[in-house]
Amino acid sequence: MNSLAYQIIFYLFAAIIVGSAALVVISKNIIHSAFGLLFTFFGVAAIYVYLNADFIAVTQIVVYVGGILVLLLFGVMLTNKITQADLKTETLNPVPGLLITLSVLAMLLYTFYFRAKWVTVPVDQQLRGTVVEPIGIATMTTYVLPFEIVSIVLMVALLGAAYIARADRKVQTKEGK
Amino acid sequence: MLNDLLLTLPITIATVWVLVLILCEAFVHNANLTRWLTAIGFAGIIASIFLIPSPEGYAYGTMLRTGTFTNFSNFIFAVSGLLVVSISDKYLEEEEINFGEYYIILFISTIGMMLMGSAANLSVIFIGLETMSVALYTLAGMLRKDVRSNEAAMKYFLLGSFATGFFLYGIALIYGATGELALPRIAASLQTNGVSTLFWIGLSLLMIGFLFKVSAVPFHQWTPDVYEGSPTTAAAFMSTGSKAAAFSSLIIVLSNISIALPNNAVLQTAFAYIAVATMAVGNITALTQDNLKRMLAYSSIAHAGYMLVGIAAGSNEGYSGVLYYALIYTLMNVGAFGVIAVLERHRTLTNASDYAGLFKQHPLLAGLMAVFMFSLAGLPPFGGFVGKYKVFAAAVEADLTWLAIVGVLASVVSVYYYLRVVIFMFMRDPEPAPQANANATGSFALVAIAVIVFLMGIFPTEVLKLADNAMKVALK
């Protein structure tokens, strides 16, 4: 494939991401928003493939599309009250909000294009082929501590969710149950 | 690996102990037992810090820092946890949420804080921050049937996640600009490659994340609603432990990076202006609050401002002043929230006017509250005065005399709303008096806090030496 084809495919995915993300925000129907999100996640995964990050692309699809989005859809469909309700999509303070957003965007884009000195890896050290193996090794050696602590984050999130969602219990006092 | 576990003994103990707590709660279902075990866990952490202080160095590669700074900050978090546990049980019974989960989640939150206070790598700071925050979101929503508590948890969660987004984007841009996540190597990379605009933007986004956690203006709006809606004892924990954790992480990042920054004045000026805004907004808004929990929330914003003065000074003295301030603020603020928790009944009796004539009904409680209020106002001879003196003196030394003057003026304003409570307690006639809901451990903890606050005001030298020492080695 030549670079023109690459470019066309890239912009196609970029358009899908922006368009579906806009649908997520604008749509008043939560189901439509959820399906919009599906396309956004897929588009972002495709961009990861372009960046040679195949592991992150697959993770993106497995975790976000396969896990979170399906959960979201099940949650919405099982609670029938939400499906009918209109989402509030009106914008508060549009002018100041737009000004701040655009100025931050302009600042970031200007920096990225003109003032950034991105650190780049020399060509001979660049990875060839899959990156899964180096990621796995790094996770279990250099980054083993953060990797293990993530399990504590997940555990406290589970504990908290179980506490908030569980049925009522009797309170214990000093005298016993 | 075994050596690393021993080097970071407080974190190792805490992680193992969490499993014990969870298994115990799962099989025994006894909140009082879990409470005592949690207290023992905190005591064990404190004991390990004193008995086996870790030597200077790194653990797990360059993931965690060990040494005096870490010992000092871990001590603050464990003390905060221990005190909050000891004032909690009666309040939880009164509010009918006396469940073991409360203590376990509080304990896990402390693990996050200890990771933040000993991190040497941005990824560890981020995960520590998340561990702490997720636990705090749950603590804010512990009163499941109370609308205000639900609101507090939801607000804290949404805004906190948003701030985390900024934090993470900042880390990503810093990685893009330097190619490193470990703080010492980031500094080295900046020294060899120079500081690019990209790095500055990354650093600013990172700072937004920190400033949200310490509730500095203009990222403070969540504070009053969350502290008022959360269970009072949980608010005591949020306002002290999590603030101390965010500040110690901030000190770690800044003390590592500032050597490599060619133009330190930019950072200094930015922090000075944020400190002024934080002190002004916190103190002036607190003047009009009648609800004591709200007032303490605004006062905690103001105190974040005083601590930011020390950060703005950017010197060893400033940072060690912030450490000392975080410790003394932990003590006196847990004390003040503790007194409120003793008197509160289902969201009533939290206004200053409810405290009218408290001295005649409960002289001890009124006396304790007066000590905490005087200390928060920064009046000598209490510990709060020494903390303020340290950070303001550091500002003067760093040629920020105007900032120190603003700080002193702000604390003069603060005297008004702290003393208002004292006047109500001692000089008004009693209304139908609130019933105190104290027990032995809670009252003992409150008295002990008051005594320590008093002692740290009269004999601050030893603790100050420890704080100075913590910074001296960390900045080397």
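A salt bridge, as I use the term today, is a side-chain nitrogen of Lys or Arg within 4 Å of a carboxyl oxygen of Asp or Glu. With that in mind, please look at the model above, which is a predicted one, and at the place where the side chains of A:R166 and B:E101 meet, N to O, at 3.6 Å, in such a salt bridge. Across the interface of chain B and chain A, one salt bridge is what the rule finds, and the count of residue pairs in polar contact between the two chains, both partners being at pLDDT 80 or more, is four.

Let me turn to the side of chain B that touches chain A, to which helix 2 (9–28), helix 3 (31–51), helix 4 (68–94), helix 5, helix 6, helix 7 (147–178) and helix 9 (197–213) of chain B each supply at least two residues. The largest share, eight residues, comes from helix 6 of chain B, and by class this side has 26 nonpolar, 16 polar and eight charged residues. Chain B brings 50 residues to the contact and chain A brings 36, while the area buried between them is about 3600 Å², with 70% of that given by carbon and sulfur atoms.

Is B:N121 buried or exposed? Its relative accessible area is 2%, and since the cut-off for buried is under 20%, B:N121 counts as buried. The side chain of B:N121 makes a polar contact of 2.9 Å with that of B:S123, and, neighbours within four places in sequence aside, B:N121 is in contact with B:T62, B:M63, B:L181, B:A182 and B:L183.

How values were computed. Residues numbered from 1 in each chain as written. Chains lettered and ligands numbered in written order. Heavy atoms only, no water. Buried < 20%, exposed > 50% of the residue type's maximum accessible area, 1.4 Å probe, protein only. Polar contact = N/O pair within 3.5 Å; in protein donor to acceptor, adjacent residues only side chain to side chain. Contact = heavy atoms within 4.5 Å. Buried area = accessible area lost by both parts, 1.4 Å probe. Helix = DSSP H or I, 4+ residues; strand = E, 2+ residues; numbered from the N terminus. Nonpolar A, V, L, I, M, F, W, Y, C, P; charged D, E, K, R; others polar.
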